[in-house]
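Hi,

Here is the structure I promised to pass on. Have a look, and my notes follow below.

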Amino acid sequence: MRGVAGVALSLTLAAGTLGLATPASASDAAEPDVPPGEVASSNIEHLSNNPKNGALQGTGSDIAFQGKYAFAGNYDGFTVYDLSDPEEPVQALQVYCPGSQNDVSVYGDVLVLSTDSSRSDDSCASTTRPATEKDAWEGIKVWDISDPLEPEYVKSVETACGSHTHSLAPSKNGKDLYVYVSSYSPSSSYPDCQPPHDIISIVKVPMKDPAAARLVGTPNLFPKGGYGGDPDRSASATSGCHDITTYAKYDLAAGACMGDGILMDIKDRAHPKVISTVRDTENFAFWHSATFNNDATKVVFTDELGGGGLATCTGEYAPELGANGIYDIERDRRHGGKHAGKHGTKLVFQSYYKIPRINDATENCVAHNGSLIPVKGKDLMVQSWYQGGVSVFDFTDSKNPRELAWFDRGAGVSSGGTWSTYWYNGYAYSNDLGIGFDTFDIDDRIDGKAKTNLRSLNPQMQEKF
């Protein structure tokens, strides 16, 4: 939801209240696999937790990594953690700068922060304002992090409907950084967020002069209109994108656009072109995020059924609901083979993946943010499922994904569960909505051959390993 944490939805909302697909039957409900107040895991060890503290008491959001530092977003700003001891990260710095979601990315000496709540101005001292006010501000904030422990706020760029999330796409020569800004939920009463809003915003950041960042385009991704939605399923209409993942090496981007999943050609960074669109009018309700596999032959799309506040892992909901959808990218061989050209490229559905555990009916649980584990020859992913916990799964066989490891806190331990879990240089790091920053060690039989010399990681800006 724009400007509101997903868990603001009541965790006790029933399927009938939301108009979602009806659960199979009440008899399918079962006792949770992890009892309330307890913690359990398989093939993954919880090593440490850094609780929320100080000025940043808001919802924990996304994470980016560079060198020995993790940059963890929070609705009140962001925290820099020193990973010199990766098993016991140390909080090195807090930056107070409220403005949800504060999703964060880093590239070189540049940090980008998303603001998707109407503010009185673009400063870090801003206060909330109604989106109906013309003078209210939303967009991205650009920081100079040449010294990661003394970040300098250098520029803001206002964007239509704000910036719920953003993704980075560096130019081929590395001189410029393009920021694809995703936003949605327009209203005729919002002067800066008018319907139909079938666009994304593109901001260009010169790497040598980030203070010169500016808006360079608002391409319409759905000139004929996107999916119209389905009130009977509470399936969202397309009105922009929720999240985009870029893969600059292959000049590709995958967009999760509420009612549509799309694949884009981004060879011309400022002018992306949609080359394939898919819809799931039976099971997907809200296309939320996307992850490529390493060789860009697959995309994992997530469905954030219920906006992050619904308990879809109780056994009452089918395994296709609130799940991942795994798609192969097929290229027409008549145009030079699977890695040549974009003509005839299409997304082809293969399977769903949902965690197999049963949760308590009070636990919000749905597919959310994750990243690849860089093991060559395999497609492995670690992923957050809110109060469903952390799951590691193998989708090398895209028709038959399977879980390899998991961590689950029972009801009552966290107020909202884990937002994002990403693998970085031997460990998995997770930002919990309520209880802070977690560190995990996955069993070496799973990630023992993974690449451990990553210099940076932005999960929404994939790089080949």
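Let's start with Asp-379, which sits in the loop between β23 (370-373) and β24 (380-384); strands here are DSSP runs of E, at least two residues, numbered from the N terminus. This is a predicted model, so local features need pLDDT of at least 70 and side-chain atom pairs 80 or more, while totals for chains, interfaces and linings use all residues. Numbering runs from 1 along each chain as its sequence is written, and side-chain values use heavy atoms, with hydrogens and water left out.

At 10% relative accessibility, Asp-379 counts as buried (under 20% relative accessible area; exposed is over 50%, partly exposed in between; 1.4 Å probe, protein chains only). Its side chain makes polar contacts with those of Lys-298 at 2.7 Å and Asn-293 at 3.4 Å. The term means N or O atoms within 3.5 Å, one able to donate a hydrogen and the other to accept it, with sequence neighbours counting only if both atoms are side-chain atoms.

Now the aromatics: there are 21 pairs, taking ring centres within 6.5 Å (six-membered ring for Trp), with planes under 30 degrees apart stacked, over 60 edge-to-face and the rest tilted. Tyr-81 and Phe-437 are stacked, 4.2 Å centre to centre with 10 degrees between planes. They bridge strands β5 (residues 77-82) and β29 (residues 436-442), 356 residues apart, and both are buried. Tyr-353 and Trp-385 are edge-to-face, because their centres are 6.2 Å apart and their planes at 75 degrees.

Finally, Phe-284, Trp-287, Phe-301, Tyr-327, Phe-349 and Tyr-352 form one aromatic cluster.

Cheers

Technical notes:
Helix = DSSP H or I, 4+ residues; strand = E, 2+ residues; numbered from the N terminus.
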